[in-house]
Amino acid sequence: MKKLGILNSHIAKVLADLGHTDTIVIADVGLPVPDGVPKIDLALTLGSPSFEDTVNAVAEDMVVEKVVLAEEMEADNPQALQYMKHKFAGAELEYCPHEQFKQLTRRAKAVIRTGEAKPYANVILQAGVNFGK
């Protein structure tokens, strides 16, 4: 049994298999998952697990060099936007329209679906490289 980090075997496997510039998505309950992209469904009830709890757990186990968010998050979910800016202060932040965001999810290695029920609580995390720092 793992001692630390992500205990969910599906998420742990996806993270271990990521290469530089590969992406994963952490999504709210409503984001469509493209055909062919594996969905790891964590949703239990509306709001559980939360977007922030899931991002926190994944960020502990993943080198993140770039974060992609929907532009609409600024107006429709400013609390989540502030959280993301703080959480990933050292990473590149990129914004795009939500429709483009959904197109970008087609290239993801997996979509992790949370129980989050707030608008635009979605993020694409791009893997960096761990050089042992």
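Biologist: Where is Thr 54 found?
Modeller: Thr 54 is found in helix H2, where helices (H or I, at least four residues) and strands (E, at least two) are DSSP runs numbered from the N terminus. This is a predicted model, in which local features need pLDDT of at least 70 and side-chain atom pairs count only at pLDDT 80 or more, while totals for chains, interfaces and linings use all residues. Residues are numbered from 1 along each chain as its sequence is written, and side-chain values use heavy atoms, with hydrogens and water left out.

Biologist: Is Thr 54 buried or exposed?
Modeller: Thr 54 is buried, because its relative accessible area is 5% and buried means under 20%, with exposed over 50% and partly exposed in between (1.4 Å probe, protein chains only).

Biologist: Which residues does Thr 54 touch?
Modeller: Leaving aside residues up to four places away in sequence, Thr 54 touches Ile 26, Leu 42, Pro 49, Ile 112 and Thr 114, contact being heavy atoms within 4.5 Å.

Biologist: Since you mention phi, which residue has a positive phi of about 80°?
Modeller: That is Thr 21, which is not a glycine and which lies in the loop between H1 and S1. With a relative accessible area of 43%, Thr 21 is partly exposed. Tyr 120 is also not a glycine and has a positive phi, in its case of about 60°; Tyr 120 belongs to the loop between S5 and S6 and, at 22% relative accessibility, counts as partly exposed.

Biologist: Changing topic to the sheet, what order do the strands have?
Modeller: The open sheet has six strands in the order S2-S5-S1-S6-S3-S4, with mixed pairing, and two strands pair if DSSP finds at least two bridges between them. Strand S2 (39-41) and strand S4 (92-96) are the edge strands, each pairing on one side only.

Biologist: How many bridges join S3 to S6?
Modeller: Four bridges join strand S3 (residues 64-70) to strand S6 (residues 123-127), and these two strands run antiparallel. Val 64 stands opposite Ala 127 in S6, and Lys 66 stands opposite Gln 126 in S6.

Biologist: And in which sense do S3 and S4 pair?
Modeller: S3 and S4 pair in the parallel sense, over five bridges, with Lys 66 standing opposite Glu 92 in S4.

Biologist: How many residues of S3 are buried?
Modeller: Six of the seven residues of S3 are buried, and the strand is mostly covered.

Biologist: How many residues apart in sequence are Ala 16 and Glu 65?
Modeller: Ala 16 and Glu 65 are 49 residues apart in sequence, and their C-alpha to C-alpha separation in space is 16 Å.
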